[in-house]
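I set out to record the sheets, the helix packing and the ligand shell of this entry. The notes follow the order in which I looked things up.

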Amino acid sequence: MIEIDNVVKTYRDARACDGVSLMIDPRTICALVGTSGSGKTTLLRMINRLVQPTSGHIRIDGRDVMSVPAYELRRQMGYVIQGHGLFPHWTIAQNVGTVPSLLGWDRARIDKRIDDLLDLFQLDPATYRHRMPHQLSGGQRQRVGVARALAAKPNILLMDEPFGALDPVTRGKAQEDLRAIQKKFGTTIVLVTHDMDEAIHLGDRIAVMDKGHLLQHASPAEIIANPATDFVRELVGTTDRAFRLLSLAPLGDHLEQGKAEGEPLDAGMTLRTAYSELLWSGRKAAPVSRDGLPVGIVTLDGLGKLAARP
Ligand SMILES: Nc1ncnc2c1ncn2[C@@H]1O[C@H](COP(=O)(O)OP(=O)(O)OP(=O)(O)O)[C@@H](O)[C@H]1O
C-alpha cells in the first residue's frame, strides 16, 4: 500500500503538488494523468525520494519513506523513465544486472535473472546479452529499461512516460507486455502518462491532476462516466467516451444467448473491437467462441446498450 498523505511540494515560485492525498492499493496500476506541469512527475519522484516533500507524508506499508535511507528505498523500487535511461557504455546484461550487482547477489544468480528477464521480454539472451544499447531499436531499449527496473524483483515500479517515445504499434505491444508482467509478478505500478487512452487501458485506477491538485481518483469506467470536474471531462474527451467504455471489458464478460451466423468472434477481444468487427462485416450479430468452442453470441443492440451513458 502506498499512502500519499496531504503532500505539498513548493518550489520558489510554484506549488508543484498542493495537498495531494491518495491511496494506491498493492498489486494495482495507478495511472497519473494531467496536462504538462500539473505535478505528476514531482509526485512520482517523491515516492522514491528523488524529490523531498515540503510537507505531508508518503508511507509504504505504513513506513514513512523519509525514514528509509534513499539508496535502500530506490533499490526496493523500480524506476523507468522516458528514453529508457540505459547506461550507454554498458552491455545489455550489465544494464539489466545493475541493481542485483549493487545488492551483492552472486554471479550465477545475477546471470540467471538477466537471462530470465530477457526471455520474458522476448529478447533472446544469446543474441542480446552482449550488445550495447545503441545496437537495439527504440522499442527493444525500452523493454530493457523495464527489465532493468524489475531485476531485483521490486514490489513497486515507478514509471514516468515510459512509452512516450514509441510508435503506436510498438507502444501497444509494450503496454500488453507490461500488463502481463504486472499480473504475473503482482507489482504495484505508478505510471505517469499524458495519454488518456494509455491510462484507461492500463490503469486499475486513474488519478487526474491539474495545477498541483488531485481532481479525481477513480476507476477508468467511473472517470469516463462521471468526471468530477469540467477539466476531467475535457481530458477524457466527450466525442469517443462510448467507445472508451466499450474498450474496458472483454467480449466474454457480456455474452448473449441465441443464434448468429458467420465467422465467430473471439471472446478475448474487447467489446470495442467486437463492435467494429460487426460494423465491418455488416452483421447485426455474430457467434462468439473461446478456444474454438462456441460460448454465446454478441449483437449490435446489446453493444449499443453497454456503450450508453451508465
Ligand atoms: N526543480 C524544479 N524547480 C523549480 N520548479 C520546478 C522543478 N521541478 C518542477 N517544477 C515546477 O513544478 C510544476 C510541476 O512540474 P512536474 O514536472 O511535476 O509536472 P508534470 O505534470 O510532470 O509535467 P510534464 O507532463 O510536462 O512532465 C511545474 O510548474 C514545474 O515548472
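This is a predicted model: local features need pLDDT of at least 70, side-chain atom pairs count only at pLDDT 80 or more; totals for chains, interfaces and linings use all residues.

Entry 1, a strand pair. I began with β6 and strand β7 (residues 156–160), which run parallel and are joined by 5 bridges. Strands here (E, at least two residues) and helices (H or I, at least four) are DSSP runs numbered from the N terminus, and two strands count as paired if DSSP finds at least two bridges between them. I noted that V80 has M159 in β7 as its bridge partner. I then looked up helix α7 (residues 138–150), which packs on the sheet and touches β6 and β7, its direction making about 165 degrees with that of β6. Contact means C-beta atoms, placed from the backbone, within 7 Å; axes are lines fitted to C-alpha atoms, for helices over the stretch in contact, with angles from 0 to 180 degrees between N-to-C directions.

Residues are numbered from 1 along each chain as its sequence is written.

Entry 2, the mixed sheet. I found an open sheet of 6 strands with mixed pairing, in the order β6-β7-β8-β3-β9-β10. Its edge strands are β6 (77–81) and β10 (213–218), each of which pairs on one side only. Neighbouring strands of this sheet are turned against each other by 15 degrees on average, direction ignored. I also noted that α1 lies across β3 (29–34), β7, β8 (188–193) and β9 (205–210), and runs at about 155 degrees to β8.

I found an open sheet of 4 strands, β2-β1-β4-β5, with antiparallel pairing. Because β2 and β5 (63–64) stand at the edges with a single partner strand each, one side of each is left without a neighbour in the sheet. Strand β1 (residues 2–11) pairs with β2 in the antiparallel sense over 8 bridges; V7 has V20 in β2 as its bridge partner.

I looked up α7 and helix α8 (residues 168–185), whose axes come within 11 Å and cross at roughly 20 degrees. That makes α7 roughly parallel to α8 (angles under 35 degrees count as roughly parallel, over 145 as roughly antiparallel, 65 to 115 as roughly perpendicular and the rest as oblique). In this pair, G139, Q142, R143 and V146 of α7 meet T170, A174 and L178 of α8.

For helix α13 (residues 271–281) and helix α14 (residues 300–307), I noted axes that come within 10 Å and cross at roughly 140 degrees. That makes α13 oblique to α14. L271, A274, Y275 and L278 of α13 and L300, L303 and L306 of α14 make the contact. By class, this contact has 7 nonpolar, no polar and no charged residues.

Which residues surround the ligand? I listed Y11, A14, A16, G34, S36, G37, S38, G39, K40, T41, T42 and H194; near means a C-beta atom, placed from the backbone, within 6 Å. β2 (14–24) and α1 (40–47) each supply at least two residues of this shell, and α1 gives the most, with 3 residues. I counted the shell by class as 3 nonpolar, 8 polar and 1 charged, where Ala, Val, Leu, Ile, Met, Phe, Trp, Tyr, Cys and Pro are nonpolar, Asp, Glu, Lys and Arg charged, and the others, Gly among them, polar.

Methods: Two residues are in contact if their C-beta atoms, placed from the backbone, lie within 7 Å.
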